Amino acid sequence: MKTGIVLEETYFWYDSLGQPFPPFKAEPGANYDRPEVKKRFYNLLKKSGITDSLVSLAPRQAGDEDILRVHSEEYLRWLKQENEKSSAYAGPGAVFSGGDFAIARLSAGGTITAVRSVIEGQVDNAFALVRPPGHHAETSRGAGFCVLNNVAMAARYAQSVRNFARIAIVDWDVHHGNGTQEIFWNDPSVLTLSIHQDYYFLEDDYGTMEHRGGGEGHGYNINVPLPPGAGNRIYQSVFDRVVEPAIRNFAPDIIIVASGLDAGCFDPLGRMTLTPSGFKSMTERMRKLAEDVCAGRLVLSQEGGYDAASTPYMGLAVIEGLSGLDVREETPFEQFGATMAYANEVLPHYDKVIGEAERQANGVK
């Protein structure tokens with residue numbers, strides 16, 4: 001099996017003014033989505049030796065045509081105007097420095113590169129280790145660190161350029177994929193499934209189970225808003241009862257995963273308790289599911305993940321699950337999950353949510 005990975009130092013080594021870090025310069029640390037976390041992820045992959053067995057994929061910047069398949073012309077004009085300022089604003093919680101719109105283009109283009117490489121058969125599956133994340137970006141605004149919706153743009157590329165009919169997007173970031181939901185709200189050709197912590201951070205809570213899509217797209221959006229504390233066993237139950245049935249019923253041509261790592265047990269922006277083995281198991285199951293339903297075509301794109309110590313180990317586990325390789329890196333973060341018995345039992349308040357989502361998944365056509 002050949003697994004591709006998009007690795008580009010440009011994602012990680014730029015400061016708040018868009019300039020490369022010289023060796024002696026301290027990195028900024030005020031923003032949770034700081035370059036350090038993804039750089040440490042990259043460094044752990046290199047140190048483990050796993051990258052030696054992966055196929056390196058060189059990304060490109062997303063062009064205006066790529067952006068306009070998903071985002072509005074007005075929003076693109078706004079981003080270009082903001083990019084000329086010293087401090088730019090894409091939406092609530094989504095700020096960037098002047099000139100750094102190019103990095104958002106590269107992040108989206110990296111996810112498109114991963115999809116293109118899988119479709120063309122260059123690799124069997126791929127992971128795009130990119131930043132900034134994208135799943136909060138809506139048609140006409142950014143939000144929550146996200147400027148462009150990376151997975152949505154990659155899905156539209158697969159449809160518009162590669163003539164794929166049906167795309168499934170699974171989002172296991174700890175935060176609701178509001179942007180992806182909004183973009184495909186009326187579209188029955190894209191199944192969107194978000195597994196997230198039950199909460200909201202924007203003006204309204206659009207991550208509830210009542211939000212199922214509109215018009216012809218009704219029933220093709222599934223939300224699984226899990227109460228805080230959910231660990232490996234609860235997420236496996238979601239896969240058993242929701243993810244697998246929904247995707248098998250939908251029979252997509254390719255599966256794209258918004259692979260946030262912030263449901264990990266030490267993440268500062270979530271209250272879930274997944275461990276590295278939990279992420280590895282979910283990825284293995286997604287890989288095997290893709291092999292069954294869409295000739296193995298599977299792409300994961302990095303979303304959230306904000307703890308500098310634990311996030312790299314969660315990510316390494318994802319790469320292991322995707323590639324079928326095992327580098328057996330020791331990690332202290334697995335033991336945490338073993339001590340949280342309640343997090344690995346499907347208690348009634350979890351079962352209620354999963355049961356309703358299961359009914360929705362069984363209705364997908």
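Trainee: How many cavities of 30 Å³ or more does a search of the whole structure find?

Mentor: Two. Bear in mind that this is a predicted model, where local features need pLDDT of at least 70, side-chain atom pairs count only at pLDDT 80 or more, and totals for chains, interfaces and linings use all residues. Residues are numbered from 1 along each chain as its sequence is written, and side-chain values use heavy atoms, leaving out hydrogens and water.

Trainee: What makes Trp 172 and Phe 239 an aromatic pair, and why is the pair called tilted?

Mentor: Their centres are 6.2 Å apart with 45 degrees between the planes. Rings of Phe, Tyr and Trp (its six-membered ring) pair if their centres lie within 6.5 Å; planes under 30 degrees apart are stacked, over 60 edge-to-face, and the rest tilted. So this one counts as a tilted pair.

Trainee: Why does Trp 172 count as buried?

Mentor: Its relative accessibility is 0%, and buried means under 20% relative accessible area (exposed is over 50%, partly exposed in between; 1.4 Å probe, protein chains only). Phe 239 is buried too, at 0%.

Trainee: How do you know that the charged end of Lys 85 sits over the ring of Trp 78?

Mentor: That end is 5.7 Å from the ring centre. The rule wants NZ of Lys or CZ of Arg within 6 Å of the ring centre and within 35 degrees of the ring normal, and Lys 85 is listed as sitting over the ring of Trp 78.

Trainee: Which residues form one aromatic cluster?

Mentor: Phe 266, Tyr 313 and Phe 333.

Conventions: On a 1 Å grid over the protein atoms alone, a cavity is a set of points where a 1.4 Å probe fits but cannot get out, and a pocket is an open set with protein on both sides within 12 Å along at least five of seven lines; lining residues have an atom within 4 Å of a point. Grid points are joined across faces, edges and corners, and a volume is the space filled by probe spheres set on the points.
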